Amino acid sequence: FVILDEIHTFTGLEGSTMAALLQRLQIDCLHTAGNPPQFLMSSASLANVGEFTRRLTGRLNIISISRDGSPKPEFTTFVVEANHREFIPSFHAALAKGFNGAPPTGLTFVQSKEGVRLLAEASRTAIENSGYSSTAQSVIAYSAQDDGASRLNKEAKIANSEARYVLSTSALELGVDFSNVHYSLTTEYSG
């Protein structure tokens, strides 16, 4: 088996290089093992996974699974047009107050590591000023700048719900997975 994740990244020169490599691998496996390898490929970002996979592998017999059967809770989407430098800290403080210092765990995605740092500091201050100083310690600023030990420590706090407010750049997409998220905020969305 050959397993490839995030296949949507194989475009342009990288895509044609990967396609050539996969074609060569199929030929070599056919000559040495008598049959070509089985491919398992995934992408959460492609609308045309089957066609993309056909072009990438040169194979015609593609089985595309394009629906997710896993259980999902109901969710609500709100769009708030506000100054995120003011809104995010006051939202975090309101959660601390509304849940008596034990708010639900949530993510806030910010464009830059400096923005993460500043909003985390502002959130801690706003939570402390609302009378929940112990809850302020559960604000985590997570970015690719964190060293290995610091990242592992923060990821452990996220996993065991010690971190209630996680502010992060897209670095959090690098393999951190936790299921106890109750809300997600995105700042500076240009769409």
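Student: Which residue in strand 6 is the bridge partner of F109?

Tutor: The model is predicted, so local features need pLDDT of at least 70 and side-chain atom pairs pLDDT 80 or more, while totals for chains, interfaces and linings use all residues. Residues are numbered from 1 along each chain as its sequence is written, and side-chain values use heavy atoms, without hydrogens and water. Strands (E, at least two residues) and helices (H or I, at least four) are DSSP runs numbered from the N terminus. Strand 3 (residues 106-109) and strand 6 run parallel and are joined by four bridges; two strands pair if DSSP finds at least two bridges between them. In strand 6, the partner of F109 is T186.

Student: Which residues make up the covered face of strand 6?

Tutor: Strand 6 covers residues 183-186. Its uncovered face has S184 and T186, and its covered face has Y183 and L185.

Student: Is S143 buried or exposed?

Tutor: S143 lies in the loop between strand 4 and helix 6 (148-159). Leaving out residues up to four places away in sequence, S143 touches K113, R151, T169 and A171, where contact means heavy atoms within 4.5 Å. Because its relative accessibility is 8%, S143 counts as buried.

Student: How far apart are N and O in the salt bridge of R117 and E121?

Tutor: A salt bridge is a side-chain nitrogen of Lys or Arg within 4 Å of a carboxyl oxygen of Asp or Glu. R117 and E121 are four residues apart in helix 4, so about one helical turn separates them. Together with E114, R117 and E121 are linked in a network of salt bridges. The N to O distance between R117 and E121 is 2.7 Å.

Student: Which residue forms a salt bridge with R54?

Tutor: R54 is partly exposed at 29% relative accessible area. With the closest N and O atoms 4.0 Å apart, the partner of R54 is E51.

How values were computed. Buried means under 20% relative accessible area, exposed over 50%, partly exposed in between (1.4 Å probe, protein chains only).
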